[in-house]
Amino acid sequence: MITFKNIKISKQLLEEGVPLPVMYFEDETGQDWYELRDEKWQGENCFIAVGADGFISTWADNPNFLTLSEGVSIYEISPEALPEDISDHPYRYENGEFMKFVQPAIEVAAQQKSTLLSQAAAAIAPLQDAVDVDDATDEELASLKAWKKYRVALNRLDLAAAPDIDWPAVPE
């Protein structure tokens, strides 16, 4: 089984008939990727590329289709070991084990809150501009007040209650 850890670009060469430089990679022990692949790959297993953070960035049945970049490690694994839902969920790979990554509910809630606050700010800005230049209609004033109340409600949310957060209703 091929293991190619912490790869780096060892050289870039212009080759005849190829419009861009060809990149060559070696691992932390100085092994050349293409030599290792050509010598050891038997065509039976698949490959995963794992970033320094442990997350699987790409996988392929054929090592020629992997996306290589510096700092990535490549592991040859049996096709049966690859999780069936790897296309749908992020996975970490550590010590030969696949671990499905489930983002903590509080992080999901924080992202949702940030998105909603950005939407509120985008809605408030032109309404506030109309007020600032003394050109706001009664409808715009009411909308501005509703959006500001919504933004206050968002900022008062207790994200520690995630995933059971009672999100305020978006103003119409």
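Guide: What follows describes the pocket, then the sheet and the chain as a whole. The model is a predicted one. The largest pocket has a volume of about 170 Å³. Its lining consists of K5, V50, G51, A52, G54, S73, Y75, R92, Y93, E94, N95 and G96. Two elements give two or more residues each to this lining, namely strand 6 (73-77) and strand 7 (91-94). Strand 7 supplies the largest share, three residues. By class, the lining divides into four nonpolar, five polar and three charged residues.

Strand 5 is joined to strand 4 (residues 46-50) by four bridges, and the two run antiparallel. Within this pair, F47 lies opposite A60 of strand 5.

As for the whole chain, the secondary structure amounts to three helices and eight strands. Their order from the N terminus is β-β-β-α-β-β-β-β-β-α-α. The radius of gyration of the chain is 26 Å, while a compact globule of 172 residues would have one near 16 Å. Along the principal axes, the C-alpha atoms fill a box of roughly 75 × 40 × 25 Å. Of the 172 residues, 33% are buried. Among contacts with a separation of 6 or more, 48% are between residues 24 or more positions apart.

Notes:
Residues numbered from 1 in each chain as written. Predicted model: local features only at pLDDT ≥ 70, side-chain atom pairs only at ≥ 80, totals over all residues. Heavy atoms only, no water. Pairing = 2+ DSSP bridges. 1 Å grid on protein atoms, 1.4 Å probe; cavity = no way out; pocket = protein on both sides within 12 Å on 5 of 7 lines; lining within 4 Å. Points joined across faces, edges and corners; volume = space filled by probe spheres on them. Nonpolar A, V, L, I, M, F, W, Y, C, P; charged D, E, K, R; others polar. Rg over C-alpha atoms; globule rule 2.2 N^0.38 Å. Buried < 20%, exposed > 50% of the residue type's maximum accessible area, 1.4 Å probe, protein only. Contact = heavy atoms within 4.5 Å.
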